[in-house]
Amino acid sequence: ANRTILLLIAGSVEVAYFSLAFRFASVAVLVLLAFQTAWQVQAFSSIQDDDGLSTIAHDGRRIVVSVATTTVAIAVLGPELIRILAGDEYLPALPALAGSLGFAIAYAAYHVLTMPSALSKDMKDLGISASVGAGTGIALTALLAGPLGSGGTALAFLLGQMVAVGLGFTF
């Protein structure tokens, strides 16, 4: 929905910038998904151990730090990577890259934060927080895509995910 809104409001060039930025940030999301695949299985089996919750919490922190480290590396190398892989004409994608990388960190935090709900098999809060976060991101895209283009869309995506994280704390 975000790309469609961006296309309608700001045009195809801004969609290209957003798409490129999100592709770069997807590397950090892939780090999260690699950890998550193994971590969920381990977390469900560890919950029965005496020190299981401590192990799960430690692993969760490690996951968020790994994703954050990946995003910092991409942020530092981002301008050069864009020049090499896409060309100088895509340097205006840098603001969208910043928001997309922030989203990756917030997405990792959300997965770690909501693990207790998954472990307790009471995932109503996941549905509520994810839905409200996605709705917020879409609404903010409609507001920010015009004045800020792809950077505004990435910011909207990040803020929507942060709303989901914030709601995750309230449940």
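**Surface, fold and salt bridges of a predicted chain**

Me: What does the accessible surface of the chain come to, and what share belongs to carbon and sulfur atoms?

Reply: The accessible surface comes to about 8,700 Å², and 68% of it belongs to carbon and sulfur atoms; the areas come from the Shrake-Rupley method with a 1.4 Å probe, and for residues only the protein chains shown count as cover. This is a predicted model, in which local features need pLDDT of at least 70 and side-chain atom pairs count only at pLDDT 80 or more, while totals for chains, interfaces and linings use all residues. Residues are numbered from 1 along each chain as its sequence is written, and side-chain values use heavy atoms, with hydrogens and water left out.

Me: OK, and how many helices and strands are there?

Reply: The chain has 6 helices and 0 strands, where helices (H or I, at least four residues) and strands (E, at least two) are DSSP runs numbered from the N terminus.

Me: How much of the chain is buried?

Reply: Buried residues make up 41% of the 171 residues, with buried meaning under 20% relative accessible area, exposed over 50%, and partly exposed in between (1.4 Å probe, protein chains only).

Me: Changing topic, how many salt bridges are counted?

Reply: The count comes to 3 salt bridges, each defined as a side-chain nitrogen of Lys or Arg within 4 Å of a carboxyl oxygen of Asp or Glu.

Me: Which residue does arginine 62 pair with?

Reply: Arginine 62 meets aspartate 59 in a salt bridge at 3.9 Å, N to O. The two are 3 residues apart in helix 3 (residues 52–85), which means that about one helical turn separates them.

Me: And is aspartate 59 buried or exposed?

Reply: Aspartate 59 counts as buried at 11% relative accessibility, whereas arginine 62 is partly exposed, with a relative accessible area of 42%.

Me: What about glutamate 80, which residue does its side chain meet?

Reply: The side chain of glutamate 80 forms a salt bridge with that of arginine 83 at 2.9 Å, N to O, and these residues are likewise 3 residues apart in helix 3, separated by about one helical turn. Glutamate 80 is partly exposed at 45% relative accessibility.

Me: Where else does arginine 83 form a salt bridge?

Reply: Arginine 83 also meets aspartate 88, at 3.4 Å from N to O.
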